[in-house]
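Subject: Structure handover

Hello,

Here is the structure you are taking over. My notes on it follow below.

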Amino acid sequence: MKKNIIAANWKLNGSIKTISYFLTSLKSKISSFSKKSAIVIAPPTVFLERVYKEINNTNVYLGAQNIDMNLTGAFTGENSALMMKDVGVKYIILGHSERRLFHNENNEIISKKFCLIKNLNLIPILCIGETEIEKKSNKTENILKKQLNFILNSFGKKAFRNTVIAYEPIWAIGTGISADPKSVQLIHKFIKNHIKKYDTISAENLIVLYGGSVNALNAEDFLKQPDINGLLIGSASLKCEEFLKIIKISDNVL
Ligand code: PGA
């Protein structure tokens with residue numbers, strides 16, 4: 001059975017103190033969950049090992065927020081997919097709009113990183129989504145198609161096997177204005193149908209998450225939709241109680 005994925009993107013937040021408080025609370029409750037949902041926590045890189053030690057052997061998996069385009073070498077300040085794998089990372093978020101915007105990551109860079117991740121048998125969480133202007137001018141499907149095609153053209157038709165996609169409309173991220181769950185359902189269907197044209201197996205097993213101002217109050221409306229297979233959560237994932245509520249909701253809707 002396909003599991004929902006509930007993923008926490010902590011972005012540039014947290015300290016040793018807040019993270020250890022979070023993990024202690026999470027671990028004390030996690031055994032009461034049904035394990036129908038897989039949980040991913042993507043802390044800042046400096047805290048990866050600390051988080052891994054706490055979650056190892058549970059149904060919580062380690063996620064990274066970014067990797068460099070190279071595996072090793074003279075690239076001061078960077079971390080590679082190889083290093084992520086070494087410290088226990090299983091999922092790597094890429095193509096997040098904050099990286100596209102603040103770090104000038106274009107579809108070409110993103111597809112290079114995608115290939116590195118896949119070649120190491122790690123799982124990409126590929127973020128795609130449109131801006132508000134693109135949405136208002138009815139360009140959403142074209143933008144998503146372009147973002148997906150870059151990946152399909154560089155990695156091949158089977159690129160989306162064992163891969164997670166996160167549909168994150170840029171206008172919904174961190175704004176408190178989430179997208180309408182029924183519209184998101186249609187977009188997720190569109191994503192799956194587009195991928196199906198290239199590879200049926202990828203499409204059938206594809207996990208497509210929604211991200212953008214998700215919280216414990218709106219999570220259920222998203223997770224009730226048949227093609228929303230989980231959530232990528234920013235600010236609401238920083239509060240353990242709220243994150244736990246969302247996991248419980250996910251378990252209950254399955
Ligand atoms: P948000 O962030 O939940 O704070 O809107 C989501 C994301 O950026 O992945």
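Lysine 11 counts as partly exposed, at 21% relative accessibility; here buried means under 20% relative accessible area, exposed over 50%, and partly exposed in between, with a 1.4 Å probe and protein chains only. This is a predicted model, in which local features need pLDDT of at least 70 and side-chain atom pairs count only at pLDDT 80 or more, while totals for chains, interfaces and linings use all residues. Residues are numbered from 1 along each chain as its sequence is written, and side-chain values use heavy atoms, with hydrogens and water left out.

Lysine 11 is in the loop between strand 1 and helix 1 (DSSP runs numbered from the N terminus: helices are H or I, at least four residues; strands are E, at least two). Apart from neighbours within four places in sequence, Lys11 is in contact (heavy atoms within 4.5 Å) with residues including His96, Glu98 and Ile173.

Tryptophan 10 is placed in the loop between strand 1 (4-9) and helix 1 (16-30). Tryptophan 10 is buried, because its relative accessible area is 2%. Beyond neighbours within four places in sequence, its contacts include Ile19, Phe22, Val51 and Leu238.

The UniProt annotation "binding site", from an unreviewed entry, covers Asn9, Trp10, Lys11, Gly174 and Ser213. UniProt positions are given in the numbering used here, feature names are shortened, and annotations may be inferred rather than shown by experiment. These residues are spread over 205 residues of sequence but cluster in space, with a largest C-alpha distance of 14.0 Å.

Now the ligand. There are 13 residues around the ligand (a heavy atom within 4 Å of it), of which Lys11, His96, Glu168, Gly174 and Ser213 come nearest. For polar contacts the cut-off is a pair of N or O atoms within 3.5 Å. A polar side-chain atom of Glu168 is 2.7 Å from a ligand oxygen atom, and a backbone N or O atom of Gly174 is 2.7 Å from an oxygen atom of the ligand. A polar backbone atom of Ser235 lies 2.9 Å from a ligand oxygen atom. The ligand taken alone exposes 280 Å², and the protein buries 98% of that (Shrake-Rupley method, 1.4 Å probe).

Lastly, glycine 73 lies in the loop between strand 3 (60-64) and helix 3 (81-86). Glycine 73 is exposed, with a relative accessible area of 62%. Its C-alpha atom is separated by 30 Å from that of glutamate 54, 19 residues apart along the chain.

Regards

Conventions:
A polar contact is a pair of N or O atoms within 3.5 Å; within protein, one must be able to donate a hydrogen and the other to accept it, and residues adjacent in sequence count only if both atoms are side-chain atoms.
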